[in-house]
Amino acid sequence: MSEQVTLTRDGEIAVVTVNNPPVNALGTAVRQGLVAAMEQIDADDAIKAAIIIGEGRTYPAGADIREFGKPPQPPALFEVCTRIEETTKPVIAAIHGTALGGGLEISLGAHYRIADPKGRVGLPEVLIGVMPGAGGTIRLPRIAGIGKALDIMVSGRQVGAPEALELGILDRLAETDLLDDAKTFARELIAEGAGPRKTSDRTEGLGTEEENATALQAARDGIVKKARGLYAPAKMVDSMEYSLSHSLHDASIFERDAFMSCLGTPQQQGLNHAFFAERASAKVPENGRAQPRPLNKIGVIGGGTMGAGITVAALNAGLEVTMVERNAEAIANGQKNVEKVYDRDVTKGRKTEAQKTAIMDRYTPSTNYTDLSDADLIIEAVFENMDVKREVFSTLDKVAKPGAVLASNTSYLNIDEIASATARPESVIGLHFFSPANIMRLLEIVIPTKAADDAIATGFALAKAMKKVPVRAGLCDGFIGNRILAKYMSAAAFMVEDGASPYAIDAALVKFGYPMGIHAMGDLAGLDIGWSNRKNNAAKRNNQDRYNGTIADRICENGWFGQKTGKGWYVYAEGDRRGTPNPDIDAIIASARADLGITPRDFSEEEVIRRYLAAMVNEGARVLEEGIALKPSDIDVTFLFGYGFPRYRGGPMKYADMYGLDNLLTDLREFEKEDPRFWKPAQLLIDMVERGESFDDLNKRAMA
Ligand code: COA
């Protein structure tokens, strides 16, 4: 066996325990250990049944992703699953935590399954760009049916134990202690003389040949919609289809080949990067140096869309929230905005009325700042104006208890200046939520000059409690996300002025993998926001810089602000959120081009993407150069979780690595000829190309 797999005995029952912290990933030693355990179980006549269980927090949560791309070491996981299935005594998988990917596959190799009621199972390989490679596509449909099995694999979702029981994936739920109940199960099987029950021989999930064919076709049609652009899902259907008419051995080889064909694809590299980037973003120096301050009671100033969204996120995290607004009417509205979210949950059957009431019990509406005197952390989400924010912070300074963290949700303003309105700048940080704040997972944690480590660590603790993805951002105009966004929005605006159609740009972006194009996004967010920013910044603008608002200003001058006015770049019929191109836009663009003296030219789809990404990555490099972001993968995380960048491309910096930084620099040099100010390559990029470095090298250095 191995150190990571032990076999102990309780009478006639062998207990095989996997111990490979933190998640019992099925690395080489675990795979070898499991095979050795099955050999021993078969060889020992005194053993009548066996249990496989995970030590610590979970049943094996999957193959060891860190082994992907390295030379495979025997035994392959599919061989382990088959070996378990071939064991001559009944084998029970006893599941707690998350039996994901290979973890579920080894339990499907086992003959029976019992789980802790809070346990979850799933085949999330799709999320890292691969597919089940150890019998998942073969065994799961035989129990759960083709449609359900594909739903689980294509979505990658985690299935709670009660649902898994209903689907037949589990035989029973534990009622007391998982191991004790698994032993009881084993004793019952021994008493009944029940032998091994091979999942690969079962058929109750399957229908007639015709029904199976229909289910597979429906899956193929559905994939186009659900898993747009992804490579692995179609391979899963192929593999499942093949397994229906072939032996376990042949189907395993077919599945393994399909799995291997996913490995090393750009998608798999992108998704794999995204997985680790997401986990690396919370690894910041402050978390190593300080413990978070206590965090139970939260204050939120403002009950608008943002304040209410933050409140819901905090309530969902189990925190107590006091929301403060200016007056009775405003706070009533704030409360309504919060309740609306839960009412929708109730209507949709996601929550019961009682659950809503229990959550709302932790919510206190108030018009009095002194009600925040016992809050551990207070988040301000008021109007984006320096004077207003300073006034709020000066008041908070008077009422908040010593040690309370005071946070601003500003998206652009200088937080040092906000902090200076208090006598405790060490307790002031930025918490930049994205709208809708209860849904969007990104949280930029902005670090003003004087912020203390433990105040920053508290911001990260809040993100964790809210299940958000935190990114540490230094202080600058727009922090990481909006600063870079401004650059590629300009690149898009210039392309439109120079001849590209906004709709062609949007189509190119959707084809690239974005859920929507930048102009559709502008319509959704409200074109008036950018318009007002441009007006506010007019005095600061350097007139040597090319102006990016000529066309957008003219659209706004018509009172067309996007979805909220029914018209923007697109027109929106009542209830239509996708919109169709606004027929008046062409004339606006034509008049702007004429006024600017531009003779329009064509832009290919490829050039649109090259310019968009070059602008994005070049600014990303500046953000790194200035230390605003600690590492390239933090920029990736920002764009994946806050700006719709397609996850399977890994994020802009990962994309740039795969595109080649030398190629990117060549693009910038080419564009620089037409506008040297806008397209000036970042020095960091020039240096990196000279040194032959990639952004991944910087990631590794930052994490070392
Ligand atoms: N292989 C290797 N390492 C893994 C891993 C895997 N399958 N799953 C998790 N880890 C590592 C994480 O990178 C993290 O490492 P770190 O502490 O150095 O950052 C650590 O285990 C803990 O994971 P984390 O995600 O932070 O813990 P969690 O409790 O929030 O979530 C899981 C646990 C298992 C739900 C989550 O890690 C997950 O979804 N893992 C991937 C599962 C998967 O895709 N399996 C199929 C692979 S074929």
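I count a residue as buried under 20% relative accessible area, as exposed over 50%, and as partly exposed in between (1.4 Å probe, protein chains only). By that cut-off, 55% of the 704 residues of the protein are buried.

**Ground rules.** I am working on a predicted model, where local features need pLDDT of at least 70, side-chain atom pairs count only at pLDDT 80 or more, and totals for chains, interfaces and linings use all residues. I number residues from 1 along each chain as its sequence is written, and side-chain values use heavy atoms, with hydrogens and water left out.

**Overall fold.** I looked up the secondary structure and found 30 helices and 19 strands. These are DSSP runs (helices H or I, at least four residues; strands E, at least two), numbered from the N terminus. The radius of gyration is 28 Å, close to the 27 Å of the globule rule for 704 residues, so the protein is as compact as a globular protein of that length. I took the radius over C-alpha atoms; the rule is 2.2 Å times the number of residues to the power 0.38. The C-alpha trace spans about 85 × 60 × 55 Å along its principal axes.

**Helix 20.** I then went to helix 20, residues 502-512. Its buried residues are Pro-502, Tyr-503, Ile-505, Asp-506, Ala-508, Leu-509 and Phe-512. An α-helix has 3.6 residues a turn, so residues three or four places apart point the same way. At the helix start, a side-chain oxygen of Ser-501 comes to within 3.0 Å of the backbone nitrogen of Tyr-503. Just after the helix, Gly-513 has a positive phi of about 125 degrees.

Methods:
A polar contact is a pair of N or O atoms within 3.5 Å; within protein, one must be able to donate a hydrogen and the other to accept it, and residues adjacent in sequence count only if both atoms are side-chain atoms.
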